[in-house]
Amino acid sequence: MIGITSLSVYLPSLRLKNETIAQAWGRPASRGQKAVANHDEDSLTMAIQASLNCPETVKKSDGLFFASTTSPYGEKSASSFMATVLDCPQGTRSADFSGSLRAGTAALLAAWDGLKAGSLNQALVAAADCRLAAPGSLSESMVGDGACALVLGKNQPAAELVASYSIHSSYADSWRKSGDLYFDIDDPRFSQIAGYSQNVTAALKGLLQQTDLKPEAIAKLVTVAPDLRSQSGVAGKLGFRPEQLQDPLATSVGGLGCAHPFLALAAALADAKAGELLLFSAYGDGADALLLKVNDGVEKLKQALKLELAVAGTREMKSYAKYLSFRSLIKGEEPKKTIFTSTSMQLREQDQTLKLYGRKCPDCGHIYHIPVRVCPSCRSKDKFERVKLARRGKIFTFTEEYYYPGPETPIPMAVVDLDSGGRMIMQMTDTEAGEAKVGLEVELVFRRLHQAGGFHNYYWKCRPLRG
């Protein structure tokens, strides 16, 4: 039995209301809001955060697949970088999936094939997107940022993968050429008919015929559509009742690109019961349809999923100009000094900067984040043990930097005592001015630090503990 053993959602804390966007352009507002990645987030950091929330991520998975249409690199494996940060063992197969909004289900199907063939025992599939629509366009309020990660395995899955059916299409209703900043769309009404409706209907009908099932046997139909009318139109054409449709949550977070089908699936599993059948699909240059059977293992997922869906969106972004600056569409003050970095330095220091390891003195037990040869506490020399550091702690002291060049000020700098032992100094993120306090409980998150040396530089930051 192969299926989803763990599923995690990561949604940025910021929300930009459609009303705020409309006011900037002097036009009527549509209802809803979108999730907005912070200025130090991208599709890679969001995928890592979602993966860290999967309890079976590290050490056990021998496959890691990353799906995104907005990877921070055009030529560099994001999945290999993820495997390093997640401290996966050598021998883990990693691969990147892109080029389509169904890249997430393509990665899921590849992992499923690997488990069925016996070449994989357990696989992590992470999907994330941070797409850009042209400012002022109708699509701008419809796209949001976020990530989902799931673990595919054979040990008491919450939802068993039963069957799949896929179709392909050359019709270009949404595309982005190499070098383009924004994605383009065709005529929306024609795309609903020739694109979404035709492809998703064919994929779902093909799977129902393949499994000899009727619509009434399905507890929830989990689809992601350009709009609710298109979704209900396809469902009605196939014979599904309105109450069988899963709310895709698009009006609360926007469309999360290739991660959004997994978000809708997470919402369905949060309310699912053992024995129910879920029909799940993703659309983009064709469509993938999957049939899942909910098992008893879903109970251990429900509480975590409901919490992840509930605690997100705690901060409203009230400035449209700030949103543009977060996306580097308008520029603020730039650093006046050249920031030094190098690939050799990154390789040399990846144990503490990426994998989050420290050193423990076996004589006195003190733990240090920065490698040292002589223990500052007991003066023992060259005896340190390598230990994994905790991703939670408390602020020991802090300062707020109001003159830091960047889109968000002030930037709190905090000294954090980790729960595992060890002390780190780092920037705070996802916080408001005055929120940092001595003794505040924080969690470590992996974020983009700066861009220098021609590449992105990442490091750990802290934020107030959520949930």
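This is a short tour of the structure above, stop by stop.

The model is predicted, so local features need pLDDT of at least 70, side-chain atom pairs count only at pLDDT 80 or more, and totals for chains, interfaces and linings use all residues. Residues are numbered from 1 along each chain as its sequence is written, and side-chain values use heavy atoms, leaving out hydrogens and water.

**Stop 1: strand 4**

Select residues 63-67, which form strand 4. Helices (H or I, at least four residues) and strands (E, at least two) are DSSP runs, numbered from the N terminus. 5 of the 5 residues here are buried, so strand 4 is largely enclosed by the rest of the structure. Buried means under 20% relative accessible area, exposed over 50%, and partly exposed in between (1.4 Å probe, protein chains only).

In a regular strand the side chains alternate between the two faces of the sheet. Which residues of strand 4 cover each face? Gly63, Phe65 and Ala67 sit on one side, and Leu64 and Phe66 on the other.

Strands pair if DSSP finds at least two bridges between them. Pick Phe66: its bridge partner in strand 5 is Asp96.

**Stop 2: the nonpolar cores**

Select Leu152, Leu269 and Leu292. Within the largest nonpolar core, of 47 residues, these three touch the most other members. A nonpolar core is a set of buried Ala, Val, Leu, Ile, Met, Phe, Trp, Tyr and Cys residues joined through side-chain atoms within 4.5 Å.

Stay on Leu269. Not counting residues up to four places away in sequence, Leu269 touches Leu7, Ala159, Leu278, Val294, Val298, Lys302 and Leu305. Contact means heavy atoms within 4.5 Å. Another core, of 45 residues, lies apart from the largest one; its members include Leu52, Cys54, Ala83 and Val387.

**Stop 3: Asn38**

Go to the loop between strand 3 (33-36) and helix 2 (43-52), where Asn38 lies. Is Asn38 buried or exposed? Asn38 is buried, with a relative accessible area of 2%. Leaving aside neighbours within four places in sequence, its contacts include Leu14, Phe326, Thr429 and Asp430. Show Pro407 too: Asn38 and Pro407 are 369 residues apart in sequence, yet 9.8 Å apart in space, C-alpha to C-alpha.

**Stop 4**

Select Glu408, Ile411, Met428, Thr429 and Asp430. Of the 13 residues lining the largest cavity, these are the closest to its centre. Its volume is about 80 Å³. On a 1 Å grid over the protein atoms alone, a cavity is a set of points where a 1.4 Å probe fits but cannot get out; lining residues have an atom within 4 Å of a point. Grid points are joined across faces, edges and corners, and a volume is the space filled by probe spheres set on the points.

**Stop 5**

Most residues other than glycine have a negative phi, and most peptide bonds are trans. Zoom in on Thr409 and Pro410: a cis peptide bond joins them, with omega about 0°. Pro410 is in the loop between strand 18 (392-401) and strand 19 (411-418).

Next, select Leu356, in the loop between helix 11 (343-353) and strand 15 (357-360). Its phi is positive, near 65°. Leu356 is buried, with a relative accessible area of 1%.

**Stop 6: Arg391**

Finish at Arg391, in the loop between strand 17 (385-388) and strand 18. Arg391 is partly exposed, at 27% relative accessible area. Among its contacts are Leu356 and Trp460.

Notes:
On a 1 Å grid over the protein atoms alone, a cavity is a set of points where a 1.4 Å probe fits but cannot get out, and a pocket is an open set with protein on both sides within 12 Å along at least five of seven lines; lining residues have an atom within 4 Å of a point.
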